[in-house]
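This report describes selected local features of one structure. The sequence and the coordinates are shown first, and the discussion follows.

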Amino acid sequence: MSLEALTALARRELAQLRHPVANWVLPREGMLDVLVVGGGMCGQTATFALRREGVTNLRCLDRAPRGAEGPWTTFARMDILRSPKHLTGPDLGIASLTYRAYHEAKFGVEHWEKLHKIDRLEWARYLQWVRDTVPIPVENDAHVRSIELASGAVRVSTAKETVLARKVVLAMGREGSGALRWPKLATFDPARREANVYHSADDIEFAALKGKKVGILGAGASAFDNAASALEAGAAQVVMFARRPILPQVNKSKWTAFPGFLHGYAALDDARKWRFYTYIFSEQVPPPYESVLRCERHPGFSIRFGEGWTDIAPGPSAVTGKGRHEFDALIVCTGFDVNLTDRPEVAPIREAIDVWANHVSADEARKFPEEARFPYLGDAFQLSGPHPDIGRVHVFNWGSTMSHGALAGDIPGLETGARRLAAGIVRDLFLEDADRHWERLRVHNEDELKPTRYFVPLDKRK
């Protein structure tokens, strides 16, 4: 089957499933029912799930140009995905929309059978294919500037317009959970860094590092991916610095990818949720072995274990407890901090957001400061807090992990998360208009028996 034939089959199956379901939500003049902020993997899947439930008065905005949504073609620098190739998610259970169906149609069944893991850029192309096939209405080059609570709605402003929505879904990826994470160093100020000091999320011109000596802070997946990118671009030497004496060895989060945990975790009490994820995060995640081997094949690669940085000095130089190391460029691979209140878009509602620190002891919050900053969410990923309309904002990115598990950032839990999100929003939209629906029920009249002799006109019924 060709890709064109698969596209036709998927659209036929969607039609057989009555997608999109006819809109049932009662209209509010001048107001969207849902606005999804972010059109990457999570945002487009959330939009797809909502349309599957008959919510069609919605929009999905993404600040990036088409094809650059999410990390896949920008700062994600692995050559293959970490996840096993058989995992599903963006397809929402429709076989013809799975990556496997896409891959077999494009490259053949035999190629799929021999495939180890999915190519990162091919995954990006697959997501675009799903978006176009369904289709999922993502509007690009639309940068959301602010989100404010209004009476019975959420006001969202972009560079070009201001819209009102009954519900807003924040699906802005890992970076949408907070800000870039920078290490706390003696004198280094990220705002005043030299041009050759990078964060792993920066747009790095690796070709300019040819023949250069590069220092890497961190030993996680992004550290190895950035190191490999530099080495493959011709860097003469790449030195990685790690605080730990060894690399993490076991991916504890991989254990969570089974239906019981994906569906059951959110129903746990707060104490057990806290116990699960503070443990998982504390254990950290080993880099994929493929990424390690990708670096190891280069003779200019090395790791200095047990040697974290205490400062970044001009030059640039990496300062450690064992001395000062001169480099041509430094790449800080410390990921993203989780602190939703740091996001400029949510500044107007910052004080209304409840966080996990308010639901654990002060000692636990001090022991796990980042986990304590995660937003404390309701059963459908909605924010909680004192403002009566705060629950109109739903967090469908990595910031939801403490409350729901990894359902909005990692592929294994994506379908579970998108369906839970959509079901909760649909429930809320119905409940809010339950009395109006009651009136519509009372006047509902379809003369189903009219073709038979037992039909009785409305004015003659008792």
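## Residue S291

In this predicted model, S291 is found in helix α10, which spans residues 289-296. With a relative accessibility of 5%, S291 falls under the 20% limit and therefore counts as buried. Leaving aside residues up to four places away in sequence, S291 touches F224 and D225.

Strand β6 covers residues 162-170, and seven of its nine residues are buried, so the strand is largely enclosed by the rest of the structure.

Strand β5 (residues 153-158) pairs with β6 in the antiparallel sense over four bridges. S157 of this pairing stands opposite T162 in β6, and β5 and β6 form a hairpin with three residues between them.

Side chains of opposite charge can pair when their charged atoms come close. The structure holds 36 salt bridges. One of them joins the side chains of R166 and E432, at 2.8 Å from N to O. Because R166 lies in strand β6 and E432 in helix α14 (residues 414-432), the pair ties together parts that are 266 residues apart in sequence.

The two partners may also be described by accessibility. R166 has a relative accessibility of 0% and counts as buried, whereas E432, at 33%, counts as partly exposed. Both R166 and E432 belong to a network of salt bridges that also links R28, D33, D389, R392, D433 and R436.

## Two further salt bridges

The side chains of R373 and D337 meet in a salt bridge of 2.8 Å, N to O. R373 lies in helix α12 (residues 369-373) and D337 in the loop between β14 (329-332) and α11 (362-367), so this pair ties together parts that are 36 residues apart in sequence. R373 counts as partly exposed at 27% relative accessibility, while D337 counts as buried at 13%.

D447 and R461 form a salt bridge through their side chains, at 2.9 Å from N to O. D447 and R461 are 14 residues apart, and each lies in the segment after α15 (434-443). D447 is partly exposed, with a relative accessible area of 31%, and R461 is partly exposed, with 36%.

Terms used: Residues are numbered from 1 along each chain as its sequence is written. This is a predicted model: local features need pLDDT of at least 70, side-chain atom pairs count only at pLDDT 80 or more; totals for chains, interfaces and linings use all residues. Side-chain values use heavy atoms; hydrogens and water are left out. Buried means under 20% relative accessible area, exposed over 50%, partly exposed in between (1.4 Å probe, protein chains only). Helices (H or I, at least four residues) and strands (E, at least two) are DSSP runs, numbered from the N terminus. Two strands pair if DSSP finds at least two bridges between them. Contact means heavy atoms within 4.5 Å. A salt bridge is a side-chain nitrogen of Lys or Arg within 4 Å of a carboxyl oxygen of Asp or Glu.
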